[in-house]
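Subject: Structure handover

Dear colleague,

I am passing on to you the structure we spoke about, with the sequence alongside. Please look through it first, and then read the notes below, which go from one part to the next.

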Amino acid sequence: MASKFERFAALHVPGDPVVLYNIWDVGSALAVERAGAKALATGSHPVADAQGWPDGQQVPLNFALANAKRIADASELPLTVDFESAYSDDPAQGAANVVRLAATGAVGCNFEDQVIGGEGLHRLDRQVERIAAIRSAVGEAFFINARTDLFLKTQTYDDALVDQVIERGKAFADAGASGFFVPRLADARQIERVVREVPLPLNVIAFPGAPAKSEWAAAGVARISHGPFPHRALMAKLEEMAREAIS
C-alpha cells in the first residue's frame with residue numbers, strides 16, 4: 001500500500017487537478033472528507049479566523065501544531081498544512097519548525113516567500129536557502145508546496161511579472177520544492193507558460209470570479225486550493241441563519 005506521502009504526491013496531475021477545499025479544524029475536515037475529498041488542506045486564514053486571531057503567523061505555533069495533529073489523527077486522508085513562512089525567517093529555525101509539523105502526521109505544507117510582518121518578498125537567494133534547509137531537515141517524501149506571492153503584491157499582471165514568477169519557480173524546484181503555488185495567477189495563457197517552464201506541479205487558488213476548473217485543468221494546473229473562501233461563506237451563512245432566528 002502506498003504511503004500517505006506517495007498518495008498525496010500522486011494526486012498532483014497536470015490537467016486533472018486535485019481540489020483542496022480548505023479546512024480549519026477536525027469538524028470541517030470530516031465534513032470535507034464526507035464530501036469525497038482525496039486529501040485535506042488547512043488554510044492559515046481560516047484557522048486564524050476560527051480562533052479569533054489575525055492571519056500572518058499570529059496563531060501561536062504550538063496551537064497550529066496541535067491543531068494539525070488533531071486533524072491528522074482524525075482522518076486517514078493525507079493532510080497538508082498552510083504553514084505560512086514556517087514561523088521564522090532563519091533557515092535553520094524554519095526547517096526545525098517544519099520537522100515539528102511533519103511529526104504531527106502532516107504529509108506536506110505550504111511555504112511562502114512574503115516577509116511576514118515586513119515588506120515585500122524575501123530575496124530569491126534567501127528563499128532558496130530556506131527551502132533547501134527545509135528539504136534537508138525533513139527528508140525527501142514531505143511535500144513542500146513553495147508559494148510565491150508576486151501576484152498578491154501588485155495589480156499589474158503582465159508578462160514581466162510572469163517572468164519573475166518563472167524565475168522563482170525554477171529556483172524553488174532546484175532547491176528541493178515539490179510543488180509551486182502562485183495565488184491569484186488565473187489567466188490561462190500565463191498558466192500555460194508557467195506550467196511549460198517550471199518543472200513543478202502548479203497550484204492556483206479559486207476565488208470569487210475565477211475561471212472555471214475546466215479552463216484551469218486544460219491549461220495544465222495540477223492543484224486547486226480554495227483558501228479562506230469556504231470559511232468566509234460558511235460564516236456568512238451562519239450569520240444569516242442567526243439573524244433569521246433572532247429577528
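Before the description, one term is needed: a crossover is called right-handed if, with the strands pointing away from the viewer, the path from the first strand over the helix to the second runs clockwise. In that sense E5, helix H7 (residues 159–175) and E6 make a right-handed β-α-β unit. Please bear in mind throughout that this is a predicted model.

Overall picture

The protein has 10 helices and 8 strands, and its C-alpha atoms fill a box of roughly 55 × 45 × 35 Å along the principal axes. A compact globule of 247 residues would have a radius of gyration near 18 Å, and because the protein has 17 Å, the two agree. Of the 247 residues, 51% count as buried.

The sheet

Strands of a sheet pair through backbone hydrogen bonds, either parallel or antiparallel. Here 8 strands form an open sheet whose pairing is parallel, and their order is E1-E8-E7-E6-E5-E4-E3-E2. At the edges lie strand E1 (18–20) and strand E2 (40–41), each of which pairs on one side only.

Strand E5 and its neighbours

Strand E5 (residues 143–147) is mostly covered, with 5 of its 5 residues buried; on one side these are Phe143, Asn145 and Arg147, and on the other Ile144 and Ala146, so that both faces are covered. Strand E4 (residues 108–112) pairs with E5 in the parallel sense over 5 bridges, and within this pairing Phe111 stands opposite Ala146 in E5. To get from E4 to E5 the chain passes through helix H6 (residues 124–138), and this β-α-β crossover is right-handed.

E5 is also joined to strand E6 (residues 179–181), by 3 bridges, and the two run parallel. Ala146 has Phe180 as its bridge partner in E6, while Asn145 stands opposite Gly179 in that strand.

Asn145 and Ile131 are 14 residues apart in sequence, and their C-alpha atoms are 9.9 Å apart in space.

E7 in turn pairs with strand E8 (residues 223–225), in the parallel sense and over 3 bridges, and here Val204 stands opposite Ile224 in E8. E7, helix H9 (residues 213–219) and E8 make a right-handed β-α-β unit as well.

A patch on the surface

Leu234, Met235 and Leu238 form a nonpolar patch on the surface, and together they have about 260 Å² of accessible area. Leu234 lies in helix H10 (residues 229–246), and because its relative accessible area is 43%, Leu234 is described as partly exposed.

With best regards

Note on methods:
Residues numbered from 1 in each chain as written. Predicted model: local features only at pLDDT ≥ 70, side-chain atom pairs only at ≥ 80, totals over all residues. Heavy atoms only, no water. Buried < 20%, exposed > 50% of the residue type's maximum accessible area, 1.4 Å probe, protein only. Helix = DSSP H or I, 4+ residues; strand = E, 2+ residues; numbered from the N terminus. Pairing = 2+ DSSP bridges. Patch = residues over 30% accessible without salt bridge, like charges linked within 9 Å, V, L, I, M, F, W, Y side chains within 5 Å. Areas by Shrake-Rupley, 256 points an atom, 1.4 Å probe, with all protein chains shown as cover. Salt bridge = Lys/Arg side-chain N within 4 Å of Asp/Glu carboxyl O. Rg over C-alpha atoms; globule rule 2.2 N^0.38 Å.
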